[in-house]
Amino acid sequence: MGLAVTIIWWALTSTPLLPGVTHEGTAEGKWEKIGGVNSYVATPTMDYPKDKVLLFLSDIFGPQLINAQLLADDYARNGFKTVIPDYLNGDPIPVEAMEAGKFDIGKWFVNHGPEQTRPPLDKVIAALKTQGVTTFAAAGYCLGGRYAFDLAFDGVITAAVVCHPSLLQVPEDLEKWAKTKVPLLINSCTTDPQFPAESQTKADEILGGGKFAPGYKREFWEGAHTGSRSAGI
């Protein structure tokens, strides 16, 4: 439970919902093949628990986006080895095309459904287990939030933070979460078509008020809106 509590605390002190901007900085992690899957890995410079990994589940722009890499580096600086699997198979949505309104996201999703994107996650998790990792937590952003839910349902992770999660079935997924033992932090905001006020309220009804014993918190960023990039979003 220590890992779960600390990750949730750290996420609460961050600001994951900001206008859609590209962050600036130099990534400190490195790219590795894990289970044959290209992954960005941020490793703490101090001593850290070698049997624990934070899975950073990126949005549709993938781990190639500098925002995701810099945030993973921040997690590592707080003592957690962080891995961003490229579950989009090297085919993220180009930021520039999306912002210019010239990208057909519906067509893109045809080749980026669960049958294409879940296997890479499973390969990374299996490979990390062979390296001695026994405990996983997840931080899921937008599309990655969907996978945080799925990994919780499958008993893979012990704690989760999701930021403006997408593709959820409400209330079904929330009711299913209530049957897990996975602490959950949801970062939500004023304007979010994928996780609107009605869904936020339903989450509180199902999991809030002490009803979910493992732990539940929904942070609300007043006036913010869902942007389109991991962490800078």
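A charge sits over a ring if NZ of Lys or CZ of Arg is within 6 Å of the ring centre and within 35 degrees of the ring normal. Select Lys50 and Tyr48 to see a case: the charged end of Lys50 lies over the Tyr48 ring, 4.2 Å from its centre.

You are viewing a predicted model, where local features need pLDDT of at least 70, side-chain atom pairs count only at pLDDT 80 or more, and totals for chains, interfaces and linings use all residues. Residues are numbered from 1 along each chain as its sequence is written, and side-chain values use heavy atoms, leaving out hydrogens and water.

Next, find the aromatic pairs. Rings of Phe, Tyr and Trp (its six-membered ring) pair if their centres lie within 6.5 Å; planes under 30 degrees apart count as stacked, over 60 as edge-to-face and the rest as tilted. The whole structure holds 8 such pairs.

Select Phe56 and Tyr75. Their ring centres are 6.4 Å apart and their planes stand at 75°, so this pair is edge-to-face. Phe56 is in strand β3 (residues 52-57) and Tyr75 is in helix α2 (residues 66-77), 19 residues apart. Helices (H or I, at least four residues) and strands (E, at least two) are DSSP runs, numbered from the N terminus.

With Phe56 it forms a stacked pair, 4.7 Å centre to centre and 20° between the planes. Tyr141 belongs to strand β5 (residues 135-141), 85 residues from Phe56. Phe56, Tyr75 and Tyr141 make one aromatic cluster.

Is Phe56 buried or exposed? Buried means under 20% relative accessible area, exposed over 50%, partly exposed in between (1.4 Å probe, protein chains only). Phe56 is buried, at 0%. Tyr141 is buried too, at 2%.
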